[in-house]
Amino acid sequence: MESQICPKAEKCPVLNKEAFADVKTLEYYKKNYCFTDDHTWVKCKRFITAQTLQMCPSFVMPDSCFSIDEILDRMENGEV
Ligand code: SF4
């Protein structure tokens, strides 16, 4: 089956912002979250955060372990 693409891929900085992640890490993200045949982007913390908060701060990576509350706390402390 052909890989499908995360609905947020067009604007996601992980895929569109240069140097957001090193090459090896970026390939891991693409293979395991962004381009898959079984919609694994629903497990991506950036996808989950954007769905929940209507935005996702740059410190959140696809495999980040932060809870949404922890992300909100960090944002309130000035991290974006
Ligand atoms: S899976 Fe995550 S990192 Fe990949 S494009 Fe979607 S939101 Fe961005």
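What radius of gyration would a compact globule with 80 residues have, and what does the protein have?

## Overall dimensions

A compact globule with 80 residues would have a radius of gyration near 12 Å, and the protein has 13 Å, which agrees. Along the principal axes, the C-alpha atoms occupy a box of roughly 45 × 25 × 20 Å. Of the 80 residues, 18% are buried.

## Model and confidence

The model is predicted. Mean pLDDT for the protein is 94, with 98% of residues at 70 or more. Confidence is lowest in H1, where the mean is 94, and highest in H3, where it is 98.

## Secondary structure and contacts

Four helices and two strands are present in the protein. Their order along the sequence is β-α-α-β-α-α. Among the helices are H1 (13-16), H2 (23-34) and H3 (45-53), and one of the strands is S2 (35-36).

Of the contacts with a separation of 6 or more, 37% join residues 24 or more positions apart.

## Ligand shell

The shell around the ligand holds 14 residues, and those that come nearest are Cys 6, Cys 12, Cys 34, Trp 41 and Cys 44. H1, H2 and H3 each contribute at least two residues to this shell. The largest share, three residues, is from H2.

By residue class, the shell has twelve nonpolar residues, two charged ones and no polar ones.

In soluble globular proteins, nonpolar side chains tend to be buried together. Here the largest nonpolar core has nine residues: Cys 6, Cys 12, Val 14, Tyr 29, Tyr 33, Cys 34, Trp 41, Cys 44 and Phe 47. H2 provides the largest share of this core, three residues.

Leaving aside residues up to four places away in sequence, Tyr 29 touches Val 14, Ala 21, Cys 34 and Pro 62.

## Positive phi in two loops

Ala 19 is not a glycine, yet has a positive phi of about 65°. Ala 19 lies in the loop between H1 and H2. Ala 19 counts as exposed because 7 other C-beta atoms lie within 10 Å, and the cut-off for exposed is 12 or fewer.

His 39, also not a glycine, has a positive phi of about 55°. The loop between S2 and H3 contains His 39. With 12 C-beta neighbours inside 10 Å, His 39 is exposed.

Methods. Residues are numbered from 1 along each chain as its sequence is written. A residue is near a molecule or strand if its C-beta atom, placed from the backbone, lies within 6 Å of it. Ala, Val, Leu, Ile, Met, Phe, Trp, Tyr, Cys and Pro count as nonpolar, Asp, Glu, Lys and Arg as charged, and the others, Gly among them, as polar. pLDDT is the predictor's confidence in each residue, from 0 to 100. A nonpolar core is a set of buried Ala, Val, Leu, Ile, Met, Phe, Trp, Tyr and Cys residues joined through C-beta atoms within 7 Å. A residue is buried if 20 or more other C-beta atoms lie within 10 Å of its own, exposed if 12 or fewer, and partly exposed in between; C-beta atoms are placed from the backbone. Two residues are in contact if their C-beta atoms, placed from the backbone, lie within 7 Å. The radius of gyration is taken over C-alpha atoms; the globule rule is 2.2 Å times the number of residues to the power 0.38.
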